[in-house]
Amino acid sequence: MAEMVESRDSNTGGHIKRTSEVVHIFADRLMSCKEKFGLTKEFLQLVVKAAPMHDLGKVAIDDVVLRKPGKYTDEEYAEMKRHSAEGARIVESILQGVEDESFVAVARNVAYYHHEKWNGKGYPTGKSETEIPIEARIMALADVFDALVSKRCYEGAFSYDEAFQIIGESLGQQFDPELGKVFIECRAELEAFYNENR
């Protein structure tokens, strides 16, 4: 399913695979401080497993919008924002009957809430702070980081320095400030991964 999304979306080729590895790197770092966030090894493994599903909702987005090689109009952006709710619906549908209900919940939350913001100005529900499931807060950092450091058809990639500065300045606004500090600690591993895979 993830590969099908990527085959349709000319703006984010490879995005799902890269963000999945970013979540894996991030989860490995979170293991060393999991008690601080109330996490378990098993939960973090579910988040890593669910990461490739975060953008499945893009299969429901009109090709004219999905493949547009430039900035969106307000109407096009509203259409694109539908992908998070659509993703949650698709995840629930394809995972129907899966015995591991915890995995289904994590995968749904990753798809549905990964565009929410710490300050409540995200979508689709406007949740804020710890109202946003932690798996989605983890995914949000990986998602935005990949968007920043990857070249898109309508804009170039930011340098690592610029990307980490943007992430740092967005802690407490867009991102969970405590999770974000741990994410920034992953810089060496993230740079090594991107240097080998772009």
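Colleague: What does the accessible surface of the chain come to, and what share belongs to carbon and sulfur atoms?
Modeller: The accessible surface is about 9600 Å², and carbon and sulfur atoms hold 48% of that. Such areas come from the Shrake-Rupley method with a 1.4 Å probe, and for residues only the protein chains shown count as cover. This is a predicted model, where local features need pLDDT of at least 70 and side-chain atom pairs count only at pLDDT 80 or more, while totals for chains, interfaces and linings use all residues. Residues are numbered from 1 along each chain as its sequence is written, and side-chain values use heavy atoms, with hydrogens and water left out.

Colleague: Thanks! How many helices and strands are there?
Modeller: Eleven helices and zero strands. Both are DSSP runs numbered from the N terminus: helices are H or I with at least four residues, strands are E with at least two.

Colleague: Why is the chain called as compact as a globular protein of its length?
Modeller: Its radius of gyration is 16 Å, close to the 16 Å from the globule rule for 198 residues, so the chain is as compact as a globular protein of that length. The radius is taken over C-alpha atoms, and the rule is 2.2 Å times the number of residues to the power 0.38. Along its principal axes, the C-alpha trace spans about 45 × 45 × 35 Å.

Colleague: And what percentage of the residues count as buried?
Modeller: 49% of the 198 residues. Buried means under 20% relative accessible area, exposed means over 50%, and partly exposed is in between (1.4 Å probe, protein chains only).

Colleague: Which residues touch the most other members of the largest nonpolar core?
Modeller: Phe26, Leu30, Ile138 and Phe183, in a core of 50 residues. A nonpolar core here is a set of buried Ala, Val, Leu, Ile, Met, Phe, Trp, Tyr and Cys residues joined through side-chain atoms within 4.5 Å. Several helices supply at least two residues each, among them α2 (15–30), α6 (74–94) and α10 (177–184). Helix α8 gives the most, with nine residues.

Colleague: What does Phe183 touch, leaving out residues up to four places away in sequence?
Modeller: Its partners are Val22, Phe26, Leu141, Ala142, Phe145, Phe164, Ile167 and Leu190. Contact means heavy atoms within 4.5 Å. There is also a second, separate core of five residues, including Tyr112, Tyr113, Ile132 and Ala136.

Colleague: Let's take Ile134 and Ile184. Which helices are they in?
Modeller: Ile134 sits in α8, and Ile184 in α10. Ile134 is buried, at 13% relative accessible area, whereas Ile184 is partly exposed, at 30%.

Colleague: What does each one touch, setting aside residues within four places in sequence?
Modeller: Ile134 touches Phe37, Leu39, Phe43 and Leu179. Ile184 is in contact with Phe164, Ile167, Gly168 and Leu171.

Colleague: Switching to the backbone, where is the cis peptide bond?
Modeller: The cis bond joins Tyr123 and Pro124, with omega about 15°. Pro124 lies in the loop between α7 and α8. Glu129 is in that loop between α7 and α8 too, and it has a positive phi of about 45° although it is not a glycine. Glu129 is partly exposed, at 43% relative accessible area.

Colleague: What do most residues and peptide bonds do?
Modeller: Most residues other than glycine have a negative phi, and most peptide bonds are trans.

Colleague: Last one: where is Gln174 found?
Modeller: Gln174 is in the loop between α9 and α10, and it is partly exposed, with a relative accessible area of 25%. Not counting residues up to four places away in sequence, Gln174 touches Glu116, Lys117, Trp118 and Val144.
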